[in-house]
Amino acid sequence: MSHGPRSGLTAVSSALLAMSRHLEVRDVLKTIVASARELLDAQYAALGVPDDHGGFAQFVVDGVSDEQWKAIGPLPRQHGILAAMLHEATPERLGDVRKDPRFGGWPSAHPDLIDFLGLPIRDGDEVIGALFLANKNCPKPEGTCGFTQDDEELLGILAQHAAIALTNARLYERSRELTIAEERSRLAHELHDAVSQKLFSLRLTAQAAAALVDRDPARAKGELHQVATLAAEAADELRAAVVELRPAALEEDGLVATLRTQIQVLDRAHTARVTFTCRGVKALPAAQEEAMLRVAQEALHNALRHSGAEHVDVTLHRRGSATVLRVTDDGGGFDPRTVRRAGRHLGLVSMRDRANGTGGRLTVRSAPGEGTTIEMEVPGG
């Protein structure tokens, strides 16, 4: 079972190992497509995941250069052979795909595909994608397919694991949606409590000012100053809640840009000075960026709402082969020896879980009256 420079066992093993790592689903699909092309010694390989609008939510290719891919143009639609694999759910092995009656043509910059092997990707009875190869690197008479029944069976193994990757991605997204819903519920409760207290105080102070305005104008003036202060604090609470409830643009903008934007808004919304510095950090795997963003948000929440800090500093930098997130405040701090009791209140348990879940570690340094530093370190970047 050796069709190319690597053994079939090694190629399959590479795809399976990718499944066991904390990789974004697109990274897993790229590994499967590259392994399929190498294992079956084909010139081109691709994997498409359909959306609900006649196109593809994801389309991963191997064997096509970045320049070729840009020249090809928009992602394909669900038509021709692709549609047959998605809707008829049957394997396709063709000597010349261009002569098939379902062939709908390709963009002018698209490389020529001749012999062709394609399989649907199934989750039970549902077809959730298509995996295909083209142009087998072997001698073959014109009009005949170089791909064999053995090739089809091997590709079927990788299609099964692609199905696992896509199913896991769906479960992850569902879990992420639930996490976001829980976070928004927590923020809604927090918003209600904080703003309700401010507005209650505001109402009482305004009533006191109204009662004093005739008999003690000086005291009434002082109460009105307090009304203005309470109104400003209530506005701060509302702004902060809006920022935290706003969906992060992590997938589109990446961790650095998302953190910078959120910290700029927090700096405007709070009386404390909030700063951000980034040095030499590149993109991280999606799971690590998600975890770092959530840890930063939780640490910022603690510093701005509970510590009484005047300055909160967030840094993102390289340390050897690792990436480090550090959130430091000059607030009241706490005794780390009581961390077991304070952990849940401060979100330290969830922060530690997020760090551990991405192969990293969380460090907490604090002392009463000396502020707090929360540091998360993950490999890579």
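**Close-up views of a sheet and its core**

**View 1. Strands β6 and β7 run parallel and are joined by seven bridges.** Strands here are DSSP runs of E with at least two residues, helices are runs of H or I with at least four, and both are numbered from the N terminus. Two strands count as paired if DSSP finds at least two bridges between them. Look for T277, whose bridge partner in β7 is T315. This is a predicted model, where local features need pLDDT of at least 70, side-chain atom pairs count only at pLDDT 80 or more, and totals for chains, interfaces and linings use all residues. Residues are numbered from 1 along each chain as its sequence is written, and side-chain values use heavy atoms, leaving out hydrogens and water.

**View 2. An open sheet of five strands has the order β6-β7-β8-β10-β9, with mixed pairing.** Because β6 and β9 each have a single partner strand, they stand at the edges, and one side of each lacks a neighbour in the sheet.

**View 3. The largest nonpolar core has 35 residues.** Such a core is a set of buried Ala, Val, Leu, Ile, Met, Phe, Trp, Tyr and Cys residues joined through side-chain atoms within 4.5 Å; buried means under 20% relative accessible area (1.4 Å probe, protein chains only). L259, L316, L325 and M376 have the most contacts inside this core. Helix α8 gives the most to it, with nine residues.

**View 4. L316 is in contact with residues including L255, F276, M292 and L325, leaving aside its neighbours within four places in sequence.** Contact means heavy atoms within 4.5 Å.

How values were computed:
Buried < 20%, exposed > 50% of the residue type's maximum accessible area, 1.4 Å probe, protein only.
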